[in-house]
Amino acid sequence: MQLKEIIRCIEAIAPLPLQESYDNSGLLTGHPNDEVSGALITLDVTEPVIDEAISLGFNLIIAHHPLIFKPLKKINGYSEVERCVIKAIRNNIALYAAHTNLDNTVNGVNAILCRKLGLKNTAILSPLQGNLRKLVIFVPESHAEKVRQAMFAAGAGHIGNYDSCSFNLSGSGTFRALEGTKPFVGEIGEIHTEEEVRIETVLPAWLEPRILSATRQVHPYEEVAWDSYPLTNEMSNAGAGMTGQFSSAVTEAGFVQILKEKLNTPSIRCSPFTGRRINKVSVCGGSGNFLIQDAIRAGADAFVTGELKYHDYFLAEGRILLVEAGHYETEQFTKELLYHIVKENFPTFALQISMINTNPVNYL
Ligand SMILES: [Zn+2]
């Protein structure tokens with residue numbers, strides 16, 4: 001099996017274009033065409049994790065946090081990051097990270113966190129904007145169905161839980177084929193009028209080249225007429241954080257207890273109790289303080305994230321229960337998520353979750 005097959009199945013769930021601008025998700029060491037012997041899944045790449053992969057005979061580590069996050073100017077082995085890069089390359093170990101692209105997807109880090117906490121009716125808290133496009137293709141009526149199907153199969157036409165969405169308008173297209181062309185209909189040098197369909201559909205911007213190429217495969221014209229418009233619509237299935245609901249409300253003290261149990265942590269920090277019961281909860285695994293106002297606007301009774309700063313707590317103002325439950329703790333299920341994504345696609349591939357707890361925080 002080639003590394004690129006594993007990458008393709010992860011990026012089908014968490015496309016790289018969904019990562020934040022500061023991030024460095026993707027393949028950090030190794031080549032997509034390399035053969036893979038097995039993969040170890042971890043939240044963080046540390047030296048013991050690389051040793052574990054070596055002892056298992058695996059040459060791929062799939063992590064949530066990218067080992068190389070800031071650019072490295074020298075690789076001498078003076079820091080753990082440098083030593084890990086050296087060790088990985090010397091042992092032909094590929095390092096792959098699915099970070100904020102896995103945070104920003106509807107089936108990602110926050111979806112599994114919600115599921116583990118027992119939250120239902122989930123939705124993205126802060127949907128991404130500026131990633132959608134409208135594509136318009138003009139096609140003769142005889143080929144409209146084929147072209148539509150090709151566009152849908154390549155990833156166009158998804159709106160919420162609906163697929164195959166398009167709008168179709170019939171009209172007349174005109175063209176004159178010039179010397180050197182081989183027109184599908186009409187004569188060279190004469191203006192031709194053809195009954196055509198204007199197919200409009202929506203798509204993620206990064207899929208446009210793939211969708212256009214699929215369209216060209218089945219479109220009969222030598223020159224395909226198409227328009228592409230950037231949209232300001234939000235993507236309902238991509239963005240930061242997630243909000244869900246308990247089937248019945250719990251007290252704030254009860255909620256904190258649930259978190260400690262489900263996240264298996266001895267300690268949780270939170271803002272003063274508001275006196276309200278907790279039903280609607282927003283979550284963001286890892287560092288989610290940038291979503292506090294979104295959670296308040298969403299009407300959440302509580303916002304759970306991995307890390308908050310001292311001054312973040314002042315934003316609660318009795319309107320919401322802010323909970324700081326630990327970075328590792330709120331992201332720990334990401335390992336299980338990555339495991340299932342790969343396992344479902346490649347059931348016989350050698351795959352393991354690392355036995356090493358890489359949480360660098362010590363609770364006393
Ligand atoms: Zn994180």
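Which residues are buried in helix H8 (residues 252–262)?

1. Helix H8. The buried residues of this helix are Glu252, Phe255, Val256 and Leu259, where buried means under 20% relative accessible area, exposed over 50% and partly exposed in between, with a 1.4 Å probe and protein chains only. Seen down the axis of H8, these buried residues fall within an arc of 100°, so they line one face of the helix; the arc is that of the directions from the helix axis to the C-beta atoms. Their cover includes helix H5 (109–117), strand E10 (234–250) and strand E12 (278–287), and Asn264, which follows H8, has a positive phi near 50°. Helices (H or I, at least four residues) and strands (E, at least two) are DSSP runs, numbered from the N terminus.

2. Basis of the model. This is a predicted model, in which local features need pLDDT of at least 70 and side-chain atom pairs count only at pLDDT 80 or more, while totals for chains, interfaces and linings use all residues. Residues are numbered from 1 along each chain as its sequence is written, and side-chain values use heavy atoms, with hydrogens and water left out.

3. Zinc site. The protein donors of the zinc ion are His65 (NE2), His327 (NE2) and, through two OE entries, Glu331, lying 2.1 to 2.4 Å from the ion; donors are N, O and S atoms within 2.8 Å of the metal (3.2 Å for Na, K and Ca), and because water is not among the atoms, sites may look incomplete. The four donor atoms subtend angles of 56 to 129°, which makes the arrangement irregular, given that four donors count as tetrahedral if all angles lie between 85 and 135 degrees, that four count as square planar and six as octahedral if opposite donors are over 155 degrees apart and all others between 65 and 115, and that anything else is irregular. In sequence the donor residues follow the spacing H-x261-H-x3-E. His327 and Glu331 are four residues apart in helix H10 (residues 327–331), and therefore separated by about one helical turn; His327 is partly exposed at 24% relative accessible area, whereas Glu331 is buried at 2%.

4. Aromatic pairs. A search of the whole structure finds five aromatic pairs, counted when ring centres of Phe, Tyr and Trp (its six-membered ring) lie within 6.5 Å, with planes under 30 degrees apart called stacked, over 60 edge-to-face and the rest tilted. Phe175 and Tyr221 form an edge-to-face pair, 5.4 Å centre to centre with 70° between the planes. Phe175 lies in strand E7 (residues 167–176) and Tyr221 in the loop between helix H7 (208–218) and strand E9 (226–230), so the pair ties together parts that are 46 residues apart in sequence. The rings of Phe246 and Phe255 have centres 5.9 Å apart and planes at 75°, so this pair is edge-to-face, and both of these residues are buried.

5. Nonpolar cores. The largest nonpolar core has 47 residues, and those with the most contacts inside it are Ile10, Ile62 and Phe255; such a core is a set of buried Ala, Val, Leu, Ile, Met, Phe, Trp, Tyr and Cys residues joined through side-chain atoms within 4.5 Å. The largest share of this core, six residues, comes from H5. Apart from it lies another core, of 17 residues, among them Phe58, Ala63, Ile68 and Val85.

Technical notes
Contact = heavy atoms within 4.5 Å.
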